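Dear colleague,

I am handing over the structure below, and after it you will find an account of what was found. Please keep it open beside you as you read.

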Amino acid sequence: MEDRELINEFLIESGENLNRLETEIVDLEQRPKDPALLASIFRTIHTIKGTCGFLSFGNLENVTHIAENILSQLRNGERSLTPQLTSLVLEMMDAIRKELASIEATSLESGETYDDLRARLTRTCNEIRPEISVMAPSPADHAGPGKATVTEAEESAPRMHQIVPTASELRPPAAVAIELVEAGQACAVSVSPPNKVSEEISVDPPAVGANTAEAEKQTATKASIADSTIRVDVGLLDKLMNLVGELVLARNQILQFSSKQDDGTLNATAQRLNLITTQLQEGVMKTRMQPIGVVWNKLPRVVRDLAASCGKQIQLDMDGAETELDKSIIEAIKDPLTHIVRNCCDHGIETPETRMQAGKSGQGRLLLRAYHEGGQVNIEIIDDGGGINITRVKQKAVERGLLRPEQAEQMTDREAANLVFLPGLSTAKEVTSISGRGVGMDVVKTNIEKIGGVVDLTSRPGDGTTVKIKIPLTLAIIPGLVVSSGGERFIIPQVSLLELLRVEGEAVQKQIERIHGAPVYRRRGSLLPIAFLNEVLRLPDSASESDVLNIVVLQAENRQFGLVVDDINDTQEIVVKPLSKQLKGMTSYAGATIMGDGKVALILDVLGIGQLSGVLSESLEHTRTDDSRHEMAHEERQTFLLFRAGSFERIAVPLSLVARLEEFPASRIERAGGKLVVQYRERILQLTPLAPALGAGPCELTDPAQVIVFAEGDRMAGLVVDQILDIHDEAIHIGSAGSQPRLTGSAVLGGKVTDFIDLPAVLRTTDEAWGSGVAPKHHTSTPVLVADASAFSRGQIRNYLEISGYPVVEASGPQEALAKLGHHPVGAVVVSLPPTGAKELLEEMRRMPSLKSIPVITVSGDDTGENDGRFDARVDRFDRGGLLRSLERLSEALNEEGVSAELASVGGQE
Amino acid sequence: MTTHQAGIAEPTPSMLDSRQYSTFTVGDLFFGIEVLDVQEVLRHLEMTSVPLAPSVIEGLINLRGQIVTALDMRTRLGLPQRTEYETSMNMVVRSEDGAVSLLVDEIGDVIEVQSDAFESTPDNLPAEQRELIRGIYKLDGRLLLVLSADRVLQIAATS
């Protein structure tokens, strides 16, 4: 039993020593002449060796012994550090680790003798004068029995004579004396505690001569630190943490109870309890805190080995290694962090040649930074390598079917860089022995998100990549917002919380709109998808008739959504308890907690809730392809007239449709047949107030009334708006399909969400003849088929056509277009289906006898190639005049042709 | 299994092949769980339901600061639901990952049975009950069904 304890102590200590040694040796490469560093390394390895001897781990002792010899040569300045030497020492350390692991598992050495390693070590050692093996007789040599030690003793025996004078030259006699005395003690007492050895070892470094005093000072401070700290079992700390968690709950209960009582003493005591509990909680949490350096310490070795094997030069800098984190989090980020660093070294930083060519210094730089910010810890991994090849990533994503080509085009570079976190996106070309050892970047992301963290990646092509990880300080006790929905209480973790909105009265109807049934809220000019918590969780609708809406704005995976709850109560510190095995699989909850009243409440998993409700789709693919909800318009540049009407702050119509802008004094506006009219250019101009037509407010006329005049052939119509805002010339990036009958959709224009009205539909509210296809000017009433993948864009084209009297049939793809062509008599087709849809449709149509003669107009900017002549016409997307002229020309031609075609078919029948 | 017996009572030759069971009823079925698997028996406790969870998960209870999942045995056994007026009792059983409460109708005595009264489960029981029952003890006038707590707890919720 005692032995076991001793061995455990040895394992812990040696583990720590090895960790330190690793860092120090890599450091030594940077500062090969630092005597303090050398002394420290020597001391460490000597300690390990000494302890091995005590515990009769002969193999281990042998290996360390030769390494110690080499190090002592270094220390004495007899050889200088070469990368090969460092590698050899590191290899030796790996061997020690392996032995330690074996000892931990079986209490025995692995049995391997490391002959090869020892041979190489010895060879290296003997490269220089063999007599400078400065092995003073250490206790290990005496205490360690076994054949190995004997041979070793024989080996060193002849050297001893020569050493003595050398040693006495080097060391103050006192030091040697002490060492010898202590060694003697160690010999006499067969089992001496290992700290005895370390004491003895710490006397050793003064031997270095010049910096005796300094080293002594070091030893002194070290001893005092050792005296003031004790080792505590992590299990005990965990237990303590749990108990504090319980105490926090009990405190909450007492506080809740005392607040209802009128007892001064009770209240005072409760407050005191509150204070003490908080302090205790902080204190216990601190005991579990570890500096992030614990994880980082492993990285210099990783980076060094990687750099060496890839033929790169990498300098690793660390900033903020003292930043503290909860132990459980430290454990959790270890692997992801290592993986990211590996990736940076392997893929990020280029070879010296490439770097030189790019005008950078040959040595790459990898910076690790950690700092606290707003109750969270930020960890940044910054490299100055080549950055992520956005095009390649996109290309890969498209190849793997994770992304559609047009989505890839739409993506910002930042979005594209973050594609590397998608599962299945391995840039296979680059897989080496270093990266791709199981943990992919997707696993990195999942692991970090599992502990409530966020990971984000930015890449500056040619300049490097920054991975930023944000993680909470602790997982056990978190602040949370208590909400209720459907009669149940839930907790929302504060980390995911952005803001709370309260919408009252009329605004509820006005500001919550539905796009294909999916509710959205207008928040400061942008659309926020919302979900009703009771609907998501299938709870009863308890507050249905209330005219107040509480929206909790949440963020998950860099996307935001609103969650409607019945009530928002307050924020509380809650103790997170895991759910039982039976409930683990539920994505909607992150855990549970016990509330102040002793009841259990569930903690919502914001990401899971978002996915369940559909406001956050499970993958990027989903967000982008859900055609019914969001549609991407193609990059379209056009001039728009912006105005305001009723509750619609920003409405746009293409300027090309507008004939004139007029102001009419209220006195000139008359009523005729229940409609507003004005005498205008010796005609009667019918006015359509826009606000009531959109159901966005009563018919209130400003004085003077702002009127937009539209012309259709020789007819005119006026649209009354509240205010003309601006004219905007811009490419539209994103458009979503209309949710209301008289809107074609909305898009971001000038940085704000703008609605686009369905002009013919609006004007038809006062003049049924508008765009209904019986417009007097056009004798054709056969509809035009508009095939366009984007509903938004389709709406715009329909606007032009209907306003000019063409009925319109819409289709979103080639197949749908063909189906519709089969059912409707269509006079012409306007197609915009990038990249190949337009050609597909054309080819299909040309193949079918019944559709062969229908003219097809394509909209330019869609196909990369030139108009190959097969299309009957090609117009600019927003060239309304051009489109109409082409249609007119083609339909005339068609009419003539149609007659001949009919004749032909009659002929065919005969 | 028999080693569990040590220390409960003075071992007599006949007790070595006898076992103690905590008994309870669900519907008209009489069940027993090995007494050492039972942590405690409690009256009805206030419960927090878990929306979207499988129907067998009745909710979560606060058991002196521990959050314990409660499973409804009626649902688990495919029996009709309790009416409004029937209350349930909590039979808290130990499992590999913490305690789980089984909601049963009535709690009975702890009884001792002889191993020679044991028989394996008849084949004609409904499948959903059969898989949860380890075997049957023939007692005077009634049959004791031995519930396999492990299998009862084998439900996974996904959403």
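This is a predicted model: local features need pLDDT of at least 70, side-chain atom pairs count only at pLDDT 80 or more; totals for chains, interfaces and linings use all residues.

If one takes the contacts in chain A between residues at least 6 apart in sequence, 67% of them join residues at least 24 apart.

One helix to look at in this chain is α11(A), which covers residues 234-260 and has 27 residues. From its first C-alpha to its last it reaches 39 Å, which is close to the 39 Å expected at 1.5 Å a residue. Its buried residues are Met241(A), Val244(A), Gly245(A), Val248(A), Leu249(A), Arg251(A) and Asn252(A), and what covers these buried residues includes the helix α12 (264-287) together with the strands β8 (477-485), β16 (567-575) and β17 (589-594), all of chain A.

The crossing of α28(A) with α29(A) is right-handed. On the side of α28(A) the contact is made by Pro814(A), Ala817(A) and Leu818(A), while α29(A) brings Gly837(A), Glu840(A), Leu841(A) and Glu844(A); sorted by type, the residues of this contact are four nonpolar, one polar and two charged.

Chain B has three helices and 11 strands, and of its 159 residues 30% count as buried. From the N terminus on, its elements run β-β-β-β-β-α-β-β-β-β-α-β-β-α. Six strands of chain B form an open sheet, with mixed pairing, in the order β8-β1-β2-β11-β10-β9. The strands β8 (106-114) and β9 (118-119) of chain B stand at the edges with a single partner strand each, so one side of each is left without a neighbour in the sheet. Within the sheet, β10 (residues 133-138) and β11 (residues 143-147) of chain B run antiparallel and are joined by five bridges, and the bridge partner of Tyr137(B) in β11(B) is Leu144(B).

Where the two chains meet, the contact takes 23 residues from chain B and 23 residues from chain A. On the side of chain B that touches chain A, the elements that give two or more residues are β4 (57-63), β5 (66-72) and β7 (98-104) of chain B, and β4(B) gives the most, with four residues. The residues of that side of chain B divide into 13 nonpolar, eight polar and two charged.

Finally, there are two backbone angles to check. Most residues other than glycine have a negative phi. Arg538(A), however, has a positive phi near 50°; this residue is placed in the loop between α22 (533-536) and β14 (548-556) of chain A, and it is exposed, with 9 other C-beta atoms within 10 Å. Leu52(B) likewise has a positive phi, near 75°, and lies in the loop between β3 (38-42) and β4 of chain B. With 18 C-beta neighbours inside 10 Å, Leu52(B) counts as partly exposed.

With kind regards

Note on methods
Residues are numbered from 1 along each chain as its sequence is written. Chains are lettered from A and ligands numbered from 1 in the order in which they are written. Two residues are in contact if their C-beta atoms, placed from the backbone, lie within 7 Å. Ala, Val, Leu, Ile, Met, Phe, Trp, Tyr, Cys and Pro count as nonpolar, Asp, Glu, Lys and Arg as charged, and the others, Gly among them, as polar. Two strands pair if DSSP finds at least two bridges between them. A crossing is left-handed if the near helix is turned anticlockwise from the far one by less than a right angle, and right-handed if clockwise. The expected span of a helix is 1.5 Å times one less than its number of residues. A residue is buried if 20 or more other C-beta atoms lie within 10 Å of its own, exposed if 12 or fewer, and partly exposed in between; C-beta atoms are placed from the backbone.
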